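Take a look at the model first, then read on.

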Amino acid sequence: MIRPALPWVAQADYSDIRYETCDGIAKITINRPERRNAFRPETVMQLIDAFHLAHRDNAVGAIILTGEGPDAFCAGGDQKVRGDDGGYHDESGTPHLNVLDLQMQIRRLPKPVVAMVAGYAIGGGHVLHLVCDLSIAAENARFGQTGPRVGSFDAGLGAGLMARTIGMKRAKEIWFLCRQYDAAQALDWGLVNTVVPVEKLEEETVAWCQEMLRLSPMALRMLKAGFNADTDGLAGIQELAGNATGLFYMTEEGREGRDAWLERRPPDFGKYRKRP
Ligand SMILES: CC(C)(COP(=O)(O)OP(=O)(O)OC[C@H]1O[C@@H](n2cnc3c(N)ncnc32)[C@H](O)[C@@H]1OP(=O)(O)O)[C@@H](O)C(=O)NCCC(=O)NCCSC(=O)CCC(=O)c1ccccc1C(=O)O
């Protein structure tokens, strides 16, 4: 049993997930335990919506992504709704491949996202924990990719970010052999940050979030953008640069340009130091 560590308050009504908050932390739970929390298109759409809520909520400083129950974090794309026409079918029959948008949303979100992993993190579910900033695993966690076995692959972040995280040889082993790895192995390889007994999983994850909540949100935001910038290319630099622009807007020098324009006078940037 995973013991709740906070009196979470539900903030929205979804069919496939739960979105709850408490004391500056948002918890997003994939709630399809009967399918080992595999995601269908509706699940991904709801996750994107909930992450958007957490992004916009000024009171939220850290986000937990998890799966319902002790058996699975997420078993990847729901193979029972995978069609023959290039995607996973939503209830109207439209095929989707939209977990990639969610992966990028988690990386661009300027707040730390922590994967809280009990049980299986497999396939696209394994990539989801990988794209989170930190991963806290229960002792029963099991990790792996199955793509080449089930006729799928994630050659984007699933391959490249994994190689950057644990090294090329290990990443290729995971993808080319489709084995499963236990929590101790994942910790040894640097796939997760720590491993705790399953009943302490939420307590430990919340403690890590609370520790981050005591730190400068701007510093964490800039660091996250910096960590992701090279992997995400120009889009990553855009995220980092956008944060720098936001900081510049907060300076007197930045405001001088705006004020001069509003006051219809030439800007006086001469009074600002040309710093070494
Ligand atoms: C996870 C298992 C190892 C768990 O095994 P076990 O504990 O023995 O439980 P089971 O009895 O197998 O499962 C219980 C129950 O859950 C159902 N279930 C489990 N996983 C799935 C799933 N992925 N889809 C649908 N249903 C699932 C299972 O059928 C059982 O229900 P029953 O009613 O009894 O049938 C094991 O379950 C397992 O190996 N699962 C499959 C893991 C897997 O292969 N996942 C898919 C990998 S491919 C992927 O994730 C695609 C990623 C992706 O989406 C993507 C990739 C690249 C580009 C774009 C995209 C995109 O946007 O979609």
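## Two domains

Domain bounds here come from an automatic or database domain assignment. For this protein chain, that assignment gives domain 1 (9–213) and domain 2 (217–264). Residues are numbered from 1 along each chain as its sequence is written. Please keep in mind that this is a predicted model, where local features need pLDDT of at least 70, side-chain atom pairs count only at pLDDT 80 or more, and totals for chains, interfaces and linings use all residues.

## Where the domains meet

The C-alpha centres of domain 1 and domain 2 are 29 Å apart. Ten residues from domain 1 and ten residues from domain 2 take part in the contact (C-beta atoms, placed from the backbone, within 7 Å).

On the side of domain 1 that touches domain 2, α2 (99–108) and α5 are the elements that give two or more residues (helices are DSSP runs of H or I, at least four residues, numbered from the N terminus). Helix α5 gives the most, with three residues. By class, this side of domain 1 has four nonpolar, two polar and four charged residues (nonpolar: Ala, Val, Leu, Ile, Met, Phe, Trp, Tyr, Cys and Pro; charged: Asp, Glu, Lys and Arg; polar: the others, Gly among them).

## Helix α5 and its partner α3

Helix α5 (residues 157–166) also packs with helix α3 (residues 124–131), at an angle of about 50° and with axes 10 Å apart (axes are lines fitted to C-alpha atoms over the stretch in contact, and angles run from 0 to 180 degrees between N-to-C directions). That makes α3 oblique to α5 (angles under 35 degrees count as roughly parallel, over 145 as roughly antiparallel, 65 to 115 as roughly perpendicular and the rest as oblique).

In this pairing, V127, L130 and V131 of α3 meet L157, G158, L161, M162 and T165 of α5. The contact of α3 with α5 has six nonpolar, two polar and no charged residues.

Notes
Contact = placed C-beta atoms within 7 Å.
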